[in-house]
Structure formats: C-alpha cells, structure tokens
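User: Please take me through the helix packing and the salt bridges here. Keep it brisk.

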Amino acid sequence: MLLGLLVERTITMAELQSILALRSSAVRERQTRATTFQINDSHTTAGFEGLIGASAVMKEVYNLTRRVAGSSATVLLSGETGTGKELVARALHRLSPRATGPFVRVNCGVLSESLLESELFGHVKGAFTSAVESRTGRFEAAHGGTIFLDEINSLSYNLQVKLLRVLQEREFERVGDTKTIRVDCRIVAATNRDLLQEVEADRFREDLYYRLNVVPIYLPPLADRRDDIAPLAEHFATSYATSNGHPAPIISNETLVALRAYSWPGNVRELQNYVERAIVLATGEVLTLDLFPPQLQGRAPLRVGRDRPRDISSLCRELVARGMTETDSSGSGVYDYVVSLAEKTVIQHVLSVCDGVRTKAAARLGVNRNTLHKKIQAYGLDAEPT
C-alpha cells in the first residue's frame, strides 16, 4: 500500500507518519488479541472434564481419574458436600469404555429404606401395596454403563448387605421376586463422611467398605485450593452472564481478595451460588463486593431477635446459666440440657429454612434422614410440616 502511494505521487511527511502510526496500531491490536486468546485459552484448559482449577491437589485428582477411567474397578469418591464428586463420577464414565452406555445417578440420602431398595433393585407387581406394576431398578438401567451411588454412607444395614452381594456376585433380585438378575455395570460411590470412622462406629459394614474402596479419590475442599477460586469465579461469572444475555463481567480486585479469604463451608457449590446472585444483582459490568452476601464482607454476626448482634460466647454463657437454674429441680445435667436445647433450636431453624422438607434439611444438617426423623420425634416437632 505504501509503495503504491509512493509510485502514484509524492506523499507528505505528515501523511507518512499517519500511515505508519495506523500500521503500528494494527500490529498492537493483533498482539493484544493474540495475548487475550492465549489467556482465555489457558483458563479453558485449566481444568478437566467440567472441573475447573489448576492447583496441585486438583491435578492429582485429574491424573488419578484419567488412570482409573479405563478400568472397571470400583471407585470411592470422598470429600465435603459441594466439592465436585459427581463431576468426577461423570468424567470416569465419559473416559471409560462404557462411555456409550448409560450413566445412572442415585442419591442414597433422600429416600427411605423401602423406597431406596425398590429404586435400586426394582420390584414386581404386587410386591407391596402401591406396586401396581413391575418396575426396573437403577442397577438394571445401568447395565453396560456406570451407576453412581451418591451419599453411600446413608445406606441402611440391610441395603448394605444387598449392595455387597451386587459388588461380589453382580446379581440381585427385584423386590418381591425370586428370579436372579445379573448386571454388568461399573459402580462409583461417593461419601461426604469418613467411611472408616463410620465402620469404627458400627454404622457401616467393614466388608462393604473394602469392596467400595478399591480406588479411593479424595476431593479437597475449596479452602485447600485457594488458587482455583479466581478461575472458578470467572468461569461461573461468564457462564451465568451468557445465560442471562449479559456481556462477560469483570470481578473487582477487592472482590477477588474477599473470595480468597473466605472459608467456603459450602465449597464450589457455595461459590457458584454467590456468583450467580452477583450476576443477577449487578447493574454494570463489574462484580463488586457489595453484590455478594454479607459473610464475604466480614459483617455477618450471629443475630438474636431482630437486629441485635450477639457474641456466641455470651450466648453460651447465658445458656449454661439458664441450664443451671433449670436442672436444679430436674436433677439432669447442665451439659445434656444445653446440648439438647441447642440441637432442637438448630433443627427447628434448618427445617424452617428448608420449608419443612426433611430430606433437604437432613442434607443441610449433614445427617441421615432417619436420624433427623428420630430427632424430630424426640423433640416433639412432629406437628411441623414434613
């Protein structure tokens, strides 16, 4: 272009400087775009099969998942709620020779023992009052694929025995039937409890534990992988902004500092929810700290009544003092009184937050649904909605 102009006519020095400036600007723009592409590309590849993060602990999870995926070995995923156990289970399926088969998920913590037995193994017509027709169970549905048993620690002792047989013999009977059904599926189990401690407490069969724990994979809490918090937040922000028709937002430095400093008891799922909230509330393209819940801003005191912040130690002292008075006449211990009162209050509050849905409340409390049901009966809370 420049040579053509020189041939056609003599250009002034000002025109030449202007052309060179435009060329330099175009070069800088191309470089900037290339750099941006590389940065975005590194973000998209800093993860594995839907899991985001490049921290050392997560790289160990990725490597172990890759190595195990090609086998049919039973895998036990452990970690706190919200750490991504289901994502790893799905990755194990997608990377396995069974990828074209079904992936069947069962949450063992949300159904009663009788319903879960029918859900897992199926039933025949007339097996129980409401069995108006025969039904295929989840194990049959997972034939040729993978079955993911979430919250395996919630299984009753009776169902643990039946699951042990499936692991050992790959066979079972539907509820109410005598016909043996053989099944070929990979079993991936997950727990948010320490199963070895459950074994020691006689709540989980030792033989079943060792059958499940062939290849253990531990998912670390978000607090142990703080380098992944910013990439995760940016990933969720872009995803929710896109789904809401907004441009990709920028997370302020102040917000990123607060996100890294927070304890994240709800792990990745909690971060995901907070970012979605921020996207919904945002009026601009920058996610500022005021768009996030108060606890991230260091201003979430325990409140009693309407607006009176209280120190938890003073509350404990008041409970003990009240317990001393109450137990003088009853003869019971202060410790039992205070613990029972606190437990009852916690259960009442969580039930209220969960709209009385016991399965949801049990999950939030981190207890078995049957345990929660017994506590509700013990404290006379049966009148509340279920």
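Analyst: Questions and answers on packing and charge pairs follow. This is a predicted model, where local features need pLDDT of at least 70, side-chain atom pairs count only at pLDDT 80 or more, and totals for chains, interfaces and linings use all residues. Residues are numbered from 1 along each chain as its sequence is written, and side-chain values use heavy atoms, with hydrogens and water left out.

User: At what angle do α3 and α4 pack?

Analyst: Helices here are DSSP runs (H or I, at least four residues), and strands are E runs of at least two. Helix α3 spans residues 56-69 and helix α4 residues 85-94. Their axes, lines fitted to C-alpha atoms over the stretch in contact, lie 8 Å apart. With angles running from 0 to 180 degrees between N-to-C directions, the packing angle is about 35°.

User: Which residues of α4 make the contact?

Analyst: Contact means heavy atoms within 4.5 Å. From α3 come V61, T65, V68 and A69. The α4 side supplies V88, A91 and L92.

User: How far apart in sequence are the parts tied together by R105 and E86?

Analyst: Their side chains form a salt bridge (Lys or Arg side-chain nitrogen within 4 Å of an Asp or Glu carboxyl oxygen), at 2.9 Å, N to O. R105 lies in strand β4 and E86 in helix α4, so the pair ties together parts separated by 19 residues.

User: Are R174 and E140 buried or exposed?

Analyst: Their side chains meet in a salt bridge at 2.9 Å, N to O. Buried means under 20% relative accessible area, exposed over 50%, partly exposed in between (1.4 Å probe, protein chains only). R174 and E140 are both buried.
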